[in-house]
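Have a look at the sequence and the structure first, then read on.

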Amino acid sequence: MKINQRIYAIENLKSSAEERNVFFVKNMHLNKSFKYFQSNNNSDKEKSALALELFKKKYLKYRDLWKKQPEKYFEKKKNSYQKLKILCIDVELASVCDLACPHCFRQHIATPDKIIKKKLAFNIIDQASDLKVPSMKFNWRGEPLLNPDIFEIIDYAKKKGIIETMINTNATKLNETNAKKLIQSGLDTLIYSFDGGSKETYEFYRPGRFRKNNFDEIHNNIKNFSNIKKNLNSVFPRTKIQMILTKETRDEKQEFLDLFKDYVDEISVKQYSERGGNIKDINIKNFVKDQKILDFISSKKNADIMKNANDDYFLSTERLPCEQPFQRLLVSYDGRVSMCCYDWGIQHPVGFVDDYYFINNEKDSEEVSSRIIKKKTGFDLMKSNIPKKYNFPEKKIKKLKDIWNSDDINNIRKMHCNNKIGEVEICKNCSFKETYNWKKIEIN
């Protein structure tokens, strides 16, 4: 499988990955990890110059390996993973979220409203630093700004030499105070999730759980963050905003671009991946205006169809191996380790870095499920599904290094490398668009 066969779910409307790399290299001297290095070495000019070049090389190597490392294993069908490098570790600072987006996994899979213990977050960062992991993302299933320790945790990662730190945020808590703290923490990349180019569409797709979520308030938070960053004379964090493509948002791409082009560095749209909901507008047939294409799609029963941002239609011809188990690990608030961000219910854990889950088991999920059933405030738009588990790693606290090289994840890598993705329970029905080989539908 050639990497260029893969169509990526995210399409850029403003800026590109190449421009992002240029930005990070150009501004590496302002990266807080490098600044900490300078401070620890008493601003020794010779050491700083050598270190700066090393920081740049490490960053570029990481970005190069992000695509090439999985490709190498897929093409050569390698079954030994000892030299596989961890390129990113995602740490779930919060599984709780203050929105109830109908197109989100958490509306259909019972997800506890919890935050990670600071001690555990620091422990993970220490391990990442020892392993020379270049990148860490501090969120997964929830809103990271709901964790009051986030600023200290990001700063600690920068002290430990992590080159790139990232978060995704819905910006509900991005007030002036938090904006300043986030900038000062040393965060490198801030990604906004914002669906819609109008007030009506945005507020439909991003309703609040405990109070009304307001389009104007969130738009102002994002605009003000840009102004605060300028006032603090800071180039970091680099900002990006992305929108999920649905029937309504597709018609508002230009409005979305116009809303944010002056306030963020990058703008992108992302393919919708079905997450267990019952949203009629996600059905691909509702997007089709050309009758010939509609007839073609209807003739392909149960086929996987995709429509990109340019309104081209694609038919899936086969499944492709997933890149994520060859790039990253994700750690939940309770210390469970996953191999893919689409394993929302942690149905296939590959290890544990903390004993929280041993003690509490499924109590947290059962608690939130009970609140959903009882229609408690903030839970009334959710479903109480507790997903089935497919893997049961040894109940033992392990180092991330050992989990990365364990049979629990290596067995999955082997299945993917040998085109057996359909035999992996957690993977066979995955809706992640990048694990399909898409062929453009051409109809005369």
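Leu315 has Lys439, in β13, as its bridge partner. Before going further, some ground rules: this is a predicted model, where local features need pLDDT of at least 70 and side-chain atom pairs count only at pLDDT 80 or more, while totals for chains, interfaces and linings use all residues. Residues are numbered from 1 along each chain as its sequence is written, and side-chain values use heavy atoms, with hydrogens and water left out.

A quick word on names: helices (H or I, at least four residues) and strands (E, at least two) are DSSP runs, numbered from the N terminus. Two strands pair if DSSP finds at least two bridges between them.

Now back to β13. Strand β9 (residues 313–319) and β13 run antiparallel and are joined by five bridges. They belong to an open sheet of three strands in the order β8-β9-β13, with antiparallel pairing. At the edges stand β8 (305–307) and β13 (436–440), each with a single partner strand, so one side of each has no neighbour in the sheet. On average, neighbouring strands here are turned by 40 degrees against each other, direction ignored.

Is Asn437 buried or exposed? Asn437 has a relative accessible area of 10% and is buried (buried means under 20% relative accessible area, exposed over 50%, partly exposed in between, with a 1.4 Å probe and protein chains only). Leaving aside residues up to four places away in sequence, Asn437 touches Gln5, Leu315, Ser316, Thr317, Glu318 and Leu320; contact means heavy atoms within 4.5 Å.

| Strands | Sense | Bridges | One partner pair |
|---|---|---|---|
| β1 and β7 (residues 266–270) | antiparallel | four | Glu11 and Val269 |
| β4 (residues 164–169) and β5 | parallel | four | Asn168 and Ile191 |
| β2 and β3 (residues 135–137) | parallel | three | Cys88 and Ser135 |

How many residues of β5 (residues 189–193) are buried? Five of its five are, and the strand is mostly covered. Thr189, Ile191 and Ser193 point one way from β5, Leu190 and Tyr192 point the other way, and all are buried.

Strand β2 (residues 88–91) is covered on both faces. Cys88 and Asp90 lie on one side, Ile89 and Val91 on the other, and all of them are buried.

Moving on from β2, you reach Val96 in the loop between β2 and α4 (118–130). Val96 counts as buried, at 14% relative accessibility. Val96 and Gln127 are 31 residues apart along the chain, and their C-alpha atoms are separated by 25 Å. Not counting residues up to four places away in sequence, the residues Val96 touches include Arg106, Pro112, Asp113, Gly142 and Arg209.

## Two helix pairs

Two packed helices are described by the angle between their axes and the distance between the axes. Axes are lines fitted to C-alpha atoms, for helices over the stretch in contact, and angles run from 0 to 180 degrees between N-to-C directions.

Take helix α6 (residues 176–185) and helix α8 (residues 215–231): their axes come within 10 Å and cross at roughly 50 degrees. That makes α6 oblique to α8 (under 35 degrees counts as roughly parallel, over 145 as roughly antiparallel, 65 to 115 as roughly perpendicular and the rest as oblique). The crossing of α6 and α8 is right-handed; a crossing is right-handed if the near helix is turned clockwise from the far one by less than a right angle, and left-handed if anticlockwise. Glu176, Ala179, Lys180, Leu182 and Ile183 in α6 meet Phe225, Ile228 and Lys229 in α8. Sorted by class, this contact has five nonpolar, no polar and three charged residues (Ala, Val, Leu, Ile, Met, Phe, Trp, Tyr, Cys and Pro count as nonpolar, Asp, Glu, Lys and Arg as charged, and the others, Gly among them, as polar).

For helix α2 (residues 32–40) and helix α3 (residues 45–76), the axes come within 10 Å and cross at roughly 155 degrees. That makes α2 roughly antiparallel to α3. The crossing of α2 and α3 is right-handed.
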